Amino acid sequence: MSQRQVLQVFERYQKSRTEFVQTVAELASRPQNIETLQNAGVMQLLRPLLLDTVSSVQQTAALALGRLANYNDDLAEAVVKGDILPQLVYSLAEQNRFYKKAASFVLRAVAKHSPELAQQVVDCGALDALVICLEEFDPGVKESAAWALGYIARHNAELSQAVVDAGAVPLLVLCIQEPEISLKRITASALSDISKHSPELAQTVVDAGSIVHLARLIENSDARLKRQVFSALSQISKHSVELAEMVVEAEIFPVVLNSLTDSDEYVKKNVATLIREIAKHTPELSQLIVNSGGVAAVVDYIGEAKGNVRLPGIMMLGYVAAHSENLAMAVIVSKGVVQLSIILSDEPEDHILAATAWALGQIGRHSPEHAKAIALANALPRLLKLYLDISSSEDLQSKSKKALKSILRRCTHLPALEPLLHEAPPNILKHVAGQFSKILPHDPKARRLFVTTGSLKKIQEINAEAGSVLQEYINDINKCYPEEIVRYYSPGYSEKLLERIDDYNPTSTTT
């Protein structure tokens with residue numbers, strides 16, 4: 001065989017390998033082909049091609065493996081069992097930028113499925129190789145490495161700590177300062193995934209100087225970048241007062257409030273989450289949000305948003321109101337109670353209704369004035385209906401019940417209490433009767449209205465257990481009226497009068 005023929009054979013062999021990996025990579029991009037490829041044993045065929053002498057074959061083989069591993073955890077597990085990861089990690093330090101991106105994709109695709117698979121990626125020494133990739137000149141390599149590190153860190157604190165221990169955080173903070181938007185997005189996401197597990201991990205991210213760089217990006221025009229930036233700031237803020245204060249000190253208010261009207265729903269949700277995480281810590285942080293117009297902005301936001309997107313805003317109002325009477329009044333003045341009451345009527349999701357009930361309870365528990373604001377918004381009958389509805393979730397029933405009790409203990413607005421006498425069960429009724437027993441002895445006008453509206457008659461009809469708290473309250477209310485009035489409105493009194501007519505003998509009187 002001549003030299004020319006030998007070269008032709010090698011050329012055909014190279015061309016066949018190239019066509020094979022390209023075809024598999026293309027087929028693997030379509031979910032309907034995955035099972036067929038798996039059954040054909042494509043994993044075993046691709047593995048040796050990672051060591052191919054032709055770099056384009058190596059890269060395409062890695063891309064195909066990444067697409068397969070990305071599909072489900074079974075295929076990711078097959079990559080692990082096929083002893084492919086060590087080869088990928090070894091090659092990361094040796095190969096060109098195209099291969100590094102493809103190899104990082106495989107590591108990410110394996111790690112994303114479960115903590116166990118992510119741990120396999122760590123155990124094969126991938127972290128050090130990925131961190132080195134963060135120092136590459138090519139932004140695409142940095143992006144792929146940051147993405148893989150974020151997918152490892154997101155599972156739990158132990159894996160996140162492993163990423164930190166590998167020295168990733170300072171390099172990620174440098175990456176977020178790069179001009180490429182896509183690299184900024186992935187880096188902010190990775191920092192968010194690292195921060196979310198514990199105060200210590202969040203502090204590590206903060207100590208690397210991340211906050212100031214994240215804060216500079218909140219006015220960026222790219223929606224996907226802003227999603228990740230607000231998510232990262234939220235994950236940092238949620239852990240402690242100190243971390244929340246560091247975020248606030250980056251002067252994000254009132255600028256951050258502009259994003260509550262962003263066209264992207266996830267941007268708005270993440271902003272509301274950030275405000276909630278800051279507000280929950282202290283009255284001082286909540287007051288800062290109030291002073292910057294944050295409460296009014298969130299009230300408008302929950303009025304326009306629908307579904308889960310409005311949930312963090314609802315909870316934020318509850319957290320603000322929980323701190324003090326003045327902050328709860330700020331929510332009322334900003335028409336927060338009116339909007340929350342509307343949500344009770346138009347929201348179909350039980351978990352959002354439960355959060356709304358909780359928020360109203362935090363507002364109304366402070367004073368008669370706060371409770372009156374909720375009563376005037378007609379929220380009490382709606383809370384009662386949700387509590388009594390057998391189709392309501394257990395959490396919704398529980399939160400509605402707690403909210404009702406905390407508001408009723410403070411409510412002195414009798415027109416709002418009277419309808420509940422006719423609808424509330426005994427465990428709620430005792431709180432309603434308790435309020436009447438406190439108010440009626442000192443208010444003659446209220447005592448008269450209590451009779452003319454039929455409330456005194458309703459009180460006599462209640463079948464309370466002897467010696468119960470409810471019976472004591474009923475007795476206290478009855479003491480506010482002459483005995484004959486109480487008897488007149490008691491059940492069966494008209495029958496007794498008729499009996500007296502039957503027994504009455506007018507002739508004996510004339511005699």
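## Cysteines, backbone exceptions and one buried glutamine

The sulfur of C411 lies 18 Å from the closest cysteine sulfur, in C480, which is too far for a bond. With a disulfide defined as a pair of cysteine sulfur atoms within 2.5 Å, the count comes to zero disulfides. C480 is accordingly in no disulfide, the nearest cysteine sulfur being that of C411, 18 Å away.

This is a predicted model, in which local features need pLDDT of at least 70 and side-chain atom pairs count only at pLDDT 80 or more, while totals for chains, interfaces and linings use all residues. Residues are numbered from 1 along each chain as its sequence is written, and side-chain values use heavy atoms, with hydrogens and water left out.

Accessibility is given in classes: buried means under 20% relative accessible area, exposed means over 50%, and partly exposed is in between (1.4 Å probe, protein chains only). The table lists residues with their values and classes.

| Residue | Relative accessible area | Class |
|---|---|---|
| C411 | 0% | buried |
| C480 | 17% | buried |
| Q235 | 17% | buried |
| E251 | 65% | exposed |
| N378 | 38% | partly exposed |

Helices are DSSP runs of H or I with at least four residues, and strands are runs of E with at least two; both are numbered from the N terminus. Q235 belongs to helix α16, which covers residues 223-237. Because its relative accessibility is 17%, Q235 counts as buried. Contact here means heavy atoms within 4.5 Å. Leaving out residues up to four places away in sequence, Q235 touches S192, S195 and K196.

The loop between α17 (241-248) and α18 (265-279) contains P254. The peptide bond joining F253 and P254 is cis, with omega at about 0°. E251 also lies in the loop between α17 and α18. The phi of E251 is near 60°, a positive value in a residue other than glycine. E251 is exposed, at 65% relative accessible area.

A positive phi also occurs at N378, where the angle is about 60° although the residue is not a glycine. N378 is placed in the loop between α25 (368-376) and α26 (379-388). Its class is partly exposed, since N378 has a relative accessible area of 38%.
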